[in-house]
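Trainee: Hi, I'm new to this one. Could you walk me through it?
Mentor: Happy to, let's bring it up.

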Amino acid sequence: MKKNYLLWAAVLLLAACTKKDLSLQNTETDLQDLGRQPSIQFSETGSIDIGNTGAAEISAFDPLTDKLFVVNNSAINKIDVIDLADPTLPVLLTSIPVASYGGFVNSVAVSDGKLAAAIEASDKVSPGKVAVFNTSTYQELAVITVGSLPDMVTFSPDGRLILTANEGEPNQGYTIDPHGSVSIIDVQAGYAVVTLDFSSLASQQQELMAKGFRIYGPGASFAEDIEPEYIAVAANSRTAWVSLQENNGIARLDLVTKTITDIFPLGFKDFNLASHAIDPSDQDGGIFFNSWPVKGIYMPDALAVSHHNGMPFIYSANEGDAREYTAYVEARRVNSASVQLDPTAFPNAAALKTNAQLGRLNITSTLGDKDGDGDYDELYAPGARSFSIWNGLTGQLIFDSKNELDLQAVAAGKYPDSRSDDKSTEPEGLAIGRVGNNTLLFVGLERADAIAVYNITNPVKPVFHQWLNAGIGPEGVLFVEAEESPTGRSLLIVSSEVDGIIKIYTTPAF
């Protein structure tokens with residue numbers, strides 16, 4: 001009788017387990033607890049094509065419903081909803097229309113059954129919106145007015161806050177230049193919003209610029225010129241870091257007091273060092289890495305944060321981005337007649353201006369004339385062709401990948417030589433994820449159509465781990481932890497805006 005009772009108890013216990021409970025019995029976390037380490041090698045497991053250019057920009061995954069929400073601006077502005085219960089066979093379920101909220105959707109994020117979408121105004125320079133939807137029913141939960149051109153949206157890890165980086169780009173005539181800003185939305189306080197601009201730090205302008213921060217838009221004030229791009233939030237949800245791409249800096253925010261506390265100028269990278277050697281020409285007959293008298297402007301796009309021994313490490317994808325408007329174009333090619341090289345600084349100027357050397361390289365016209373005599377004493381190119389790690393408390397550079405991304409692209413047969421004159425592989429997206437005892441960094445390379453994977457378990461000594469081919473123009477890089485994955489294994493989801501393809505990668509099964 002006792003044996004029968006135990007048997008029925010076991011049957012009832014098994015029946016009480018949900019399908020997802022059972023699927024998680026062999027997760028990477030469980031394997032770690034058992035002393036077994038999962039493989040950290042990723043391979044493509046599934047993909048889906050959702051349209052043409054603009055169809056697969058940024059994506060966000062909801063572990064409560066196993067749905068992937070993807071920005072699709074290819075035709076009618078919308079958010080596509082994809083069933084990812086089986087990552088090998090993603091299925092397009094429906095779309096959430098967003099045209100009625102304004103212009104393009106720029107970003108999406110998910111937390112606790114809520115989907116937040118950053119939507120710019122139809123005229124771009126007016127205040128934008130964040131629309132919040134239920135991830136199960138797609139019902140609108142809230143609409144919040146934020147700053148001009150919300151370019152990125154994210155939730156704090158505790159789900160209490162929604163933050164947007166409001167880029168505040170000017171109009172094409174550069175007659176209207178809204179303040180760049182960051183909006184902080186308190187979910188638990190009825191979606192109350194505070195929007196912060198950078199005017200309180202304007203008195204620091206000269207000090208910041210002396211360290212490599214850039215304020216240079218035609219007629220723009222300090223607050224108008226700053227253009228927030230991306231936000232990373234600390235694990236404790238108390239601090240955030242914001243990339244100020246065009247300005248070549250990172251800002252730090254106190255999310256408790258809702259204030260901007262610091263701006264960290266990032267300075268410049270010396271391409272004249274052998275370890276930083278670049279191929280600056282798309283017309284030199286091949287791929288040739290050499291030292292050149294040029295400085296790179298870090299100008300990061302995406303940021304990510306990890307914590308080591310209590311210190312925040314800020315990872316930056318150093319894409320670079322020159323301003324280009326009808327009324328103002330920042331970039332010049334070195335071979336342009338408007339670029340006169342100082343004969344003392346560049347005694348070999350004639351050779352440097354040939355297309356086989358630096359002639360084709362795009363530089364900024366806003367830096368380099370140190371003595372104000374109309375010629376260039378130094379050359380500065382947008383982007384650092386790398387990813388970097390910064391001290392989140394001081395802004396000090398801890399690590400830079402030098403020219404390894406370019407070299408790995410060459411080794412993979414994916415180096416974009418046609419972009420050698422203009423930012424090379426263009427590191428743009430970032431994601432950090434943990435697999436077993438290993439922490440990995442995923443770097444999206446927009447022009448190499450790939451993801452470079454680094455092991456950052458020791459964050460001061462990243463080690464290249466793997467190369468993954470992606471779709472054309474990977475824009476969104478999203479990591480799904482094993483415990484939140486429908487398969488119980490880590491997922492990497494990469495959305496590519498040029499060909500509209502979403503690729504899903506995973507670690508091996510056991």
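**Cores and loops**

Mentor: This is a predicted model. Let's start with Leu 253: setting aside neighbours within four places in sequence, Leu 253 is in contact with Val 182, Ile 184, Arg 238, Thr 239, Ala 240, Val 242, Thr 259, Ile 260 and Thr 261.

Trainee: Which residues touch the most other members of the largest nonpolar core?
Mentor: Leu 253 again, along with Phe 222, Ile 231 and Ile 263. That core has 24 residues.

Trainee: And which strands each supply at least two residues of it?
Mentor: Strands S11 (161–166), S12 (181–186), S14 (228–233), S15 (239–244), S16 (249–254) and S17 (259–265) each do.

Trainee: How many residues are in the second, separate core?
Mentor: The second core has 21 residues, including Phe 387, Ile 389, Leu 430 and Ala 452. In soluble globular proteins, nonpolar side chains tend to be buried together.

Trainee: New topic: loops. Where is Asp 112 found?
Mentor: Asp 112 is in the loop between strand S6 (105–111) and strand S7 (114–119). Its phi is positive, about 50°, although Asp 112 is not a glycine.

Trainee: Is Asp 112 buried or exposed?
Mentor: Asp 112 has a relative accessible area of 60%, so it counts as exposed; the cut-off for that is over 50%.

Trainee: What about Tyr 174, where does that lie?
Mentor: Tyr 174 sits in the loop between S11 and S12. Tyr 174 also has a positive phi, near 55°, and is not a glycine.

Trainee: Why does Tyr 174 count as buried?
Mentor: Because its relative accessibility is 10%, and buried means under 20%.

Conventions
Residues are numbered from 1 along each chain as its sequence is written. This is a predicted model: local features need pLDDT of at least 70, side-chain atom pairs count only at pLDDT 80 or more; totals for chains, interfaces and linings use all residues. Side-chain values use heavy atoms; hydrogens and water are left out. A nonpolar core is a set of buried Ala, Val, Leu, Ile, Met, Phe, Trp, Tyr and Cys residues joined through side-chain atoms within 4.5 Å. Buried means under 20% relative accessible area, exposed over 50%, partly exposed in between (1.4 Å probe, protein chains only). Helices (H or I, at least four residues) and strands (E, at least two) are DSSP runs, numbered from the N terminus. Contact means heavy atoms within 4.5 Å.
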